[in-house]
Amino acid sequence: VQLQASGGGLVQAGGSLRLSCAASGRTFSSYAMGWFRQAPGKEREFVAAISGSGRNIVYANSVKGRFTISRDNAKNTVYLQMNSLKPEDTAVYYCAAAQIYSSTPLGYKYWGQGTQVTVSS
């Protein structure tokens, strides 16, 4: 599985961005998908995950109520809608694919290249 993340950019605090992650292959719906982020000098942290069917979703407490993960299996794409952005959301955001639904990076075998999100105060 190859993943290509896009949609990052510079936005003011309180603004919104939508990240997309396009996946190659014909078995996209069999993979759980996750979003992670990594700020400079910090470890990679979990943001959100969605099961292959889309029925199961989990968020990090820090983004709950502001971010929404979704997927379109017909388009082999997973999305992360980010609203009410804060400066502390600034990071490189990565999408990842796993065969088992997980909120830990170790559970994910395939990773995209990352897209930068910068939130100015």
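Is Cys95 buried or exposed, going by its relative accessibility? I looked this up before anything else. I am working from a predicted model. Cys95 has 0% relative accessibility, so I count Cys95 as buried.

**Disulfide**

I then checked the cysteine pairing. I found one disulfide in the structure. Cys21 is joined to Cys95, with S to S at 2.1 Å. I noted where the two ends sit: Cys21 in strand 3 and Cys95 in strand 9, 74 residues apart, so the pair links distant parts of the chain. The torsion about the S-S bond is about 60°, so I logged the disulfide as right-handed. I looked up Cys21 as well: its relative accessible area is 0%, so Cys21 is buried.

I read an open sheet of four strands, 1-3-8-7, with antiparallel pairing. Strand 3 pairs with strand 8 in the antiparallel sense, over six bridges. I found Leu19 opposite Leu80 of strand 8.

**Core**

Which residues touch the most other members of the largest nonpolar core? I listed Met33, Trp35, Leu80, Met82 and Tyr93, out of 36 residues in that core. Strand 9 gives the largest share, six residues.

Note on methods
Residues numbered from 1 in each chain as written. Predicted model: local features only at pLDDT ≥ 70, side-chain atom pairs only at ≥ 80, totals over all residues. Heavy atoms only, no water. Core = buried A, V, L, I, M, F, W, Y, C linked by side-chain atoms within 4.5 Å. Buried < 20%, exposed > 50% of the residue type's maximum accessible area, 1.4 Å probe, protein only. Disulfide = S-S within 2.5 Å. Pairing = 2+ DSSP bridges.
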